[in-house]
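The entries below are in the order in which I made them.

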Amino acid sequence: MSLVDAAYAAESAEAFKDIPIIDLQDIDNPHAEAREALGRAVKDACIHVGFLYVKNHGIPEETIERAYSASKEFFSLPVERKMELDIRKTSNFKGYNALLTSNNDPLNRGDLHEGFEFGWEELQARDNDEKRANDGVMAGANVWPSDLPDFRESVLGYYHAAVNLGRKMFPLFALALDLPENFFDDKVCVSSVSSEIRRLTTGPVDDRVIGIGAHTDFECFTILWQEPGIQALQVLNKQKEWIDAPPIPGTLVINLGDQFARWTNDVFKSTVHRAINRSGVRRYSIPLFFGTDYDVKLEPIPSCVSPERPPKYEVVTAGEYVKERLKAAYGH
Ligand SMILES: O=C(O)CCC(=O)C(=O)O
Ligand SMILES: [Fe+2]
């Protein structure tokens, strides 16, 4: 079945009730058939659900634990100290995002979470860092708390591990789109990848102030670590039912975003989701938003268009698209 036909079949199939768990054990398998089988599993998840869990993802538990501890340490600083790194003081969306600073759902009044946002930076500076760091408006220098000595290394350690995983996912997405495995290689060179550590206050205060309002992500895909044992993330299926996406030990969540949806003419689904924490305790998460290089034009991929499925979206530059969405979410 052609990709477009498979997408139509998925659109008329029943709404999903479950999010698939995909085992990435074969991601580096030298045998093409093993990688292709994985590509087929990814394709199914991408056209039906837009969300998947991955296990055997290769990020060491210890790397995750360090970033988790660093998050707890950072957020427990007094608010004045966190406000020294206020995201609104930077022009490139880096730093501390206080409670209610962002609003993901225009119908809501603000998001009940705090975050600390950062982007590409080598652990040890290298010659080309400056160029990379200045590639596009969401890049540029990070800001770091001055008095938490291990913080930068702990969160960047996780960041780089997750970026590696993201890079390995692109060939699978390419296979899922009937493209050569290296299709995305020259389009994700300069790491337009932003990340955030996040703490969700328990709530909600009222229906229009929840942890993270209903939204779609902006980039190609997001890799999300969620604190074990606390339910918060929910995903909207096409029956408009909210399906829980609980943390599953040993897995990460990967969900598709709007850059991919636009690029694939909605063959890949950018699925609406939100986070609500009613657990009674604060809940931590670490999303990593994997975008393409700033100047990539999101022209519909040929296997995703047909006479019956003409291009739905105007062609935009990947980075400009994300910048506009960020401005809207942060109101600046
Ligand atoms: O923290 C979560 O579970 C949701 C994260 C999310 O949707 C986002 O950061 O875009
Ligand atoms: Fe999201």
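Entry one, the ligand shell. I am working from a predicted model, and I began by asking which element gives the largest share of the shell around ligand 1. It is β7, with 3 residues. I then listed the residues that surround ligand 1, and found Arg198, Ile212, Asp217, Thr222, Leu224, Gln226, Ala232, Leu233, His273, Ala275, Ser285 and Pro287. Two or more residues of this shell come from each of β7, β11 (273–275) and β12.

I traced an open sheet of 8 strands, with mixed pairing, in the order β1-β2-β10-β7-β12-β5-β4-β3. Its edge strands are β1 (21–23) and β3 (95–97), each of which pairs on one side only. From one strand to the next I noted an average twist of 25°. Looking at one pair within this sheet, I found that β7 (residues 221–226) and β10 (residues 251–256) are antiparallel and share 4 bridges, and that Phe221 has Leu256 of β10 as its bridge partner. I also saw that α6 packs on the sheet, where it touches β4 (113–118), β5 (193–200), β7, β10 and β12 (283–290), and that its direction makes about 50° with that of β12.

Setting aside neighbours within four places in sequence, I found Leu165 in contact with His57, Gly58, Ile59 and Ile223. I also checked Leu165 against Ile27, and these two are 138 residues apart in sequence but 9.8 Å apart in space, C-alpha to C-alpha.

Entry four, the sheet that holds β11. Here I traced an open sheet of 4 strands with antiparallel pairing, in the order β6-β11-β8-β9. At its edges I found β6 (212–215) and β9 (242–244), and since each has a single partner strand, one side of each is left without a neighbour in the sheet. The twist from one strand to the next averages 20° in this sheet. Last, I looked at β8 (residues 233–236) and β11, which run antiparallel and are joined by 3 bridges; the bridge partner of Gln234 in β11 is Arg274.

Technical notes: Residues are numbered from 1 along each chain as its sequence is written. Chains are lettered from A and ligands numbered from 1 in the order in which they are written. This is a predicted model: local features need pLDDT of at least 70, side-chain atom pairs count only at pLDDT 80 or more; totals for chains, interfaces and linings use all residues. Two residues are in contact if their C-beta atoms, placed from the backbone, lie within 7 Å. Two strands pair if DSSP finds at least two bridges between them. Axes are lines fitted to C-alpha atoms, for helices over the stretch in contact, and angles run from 0 to 180 degrees between N-to-C directions. A residue is near a molecule or strand if its C-beta atom, placed from the backbone, lies within 6 Å of it.
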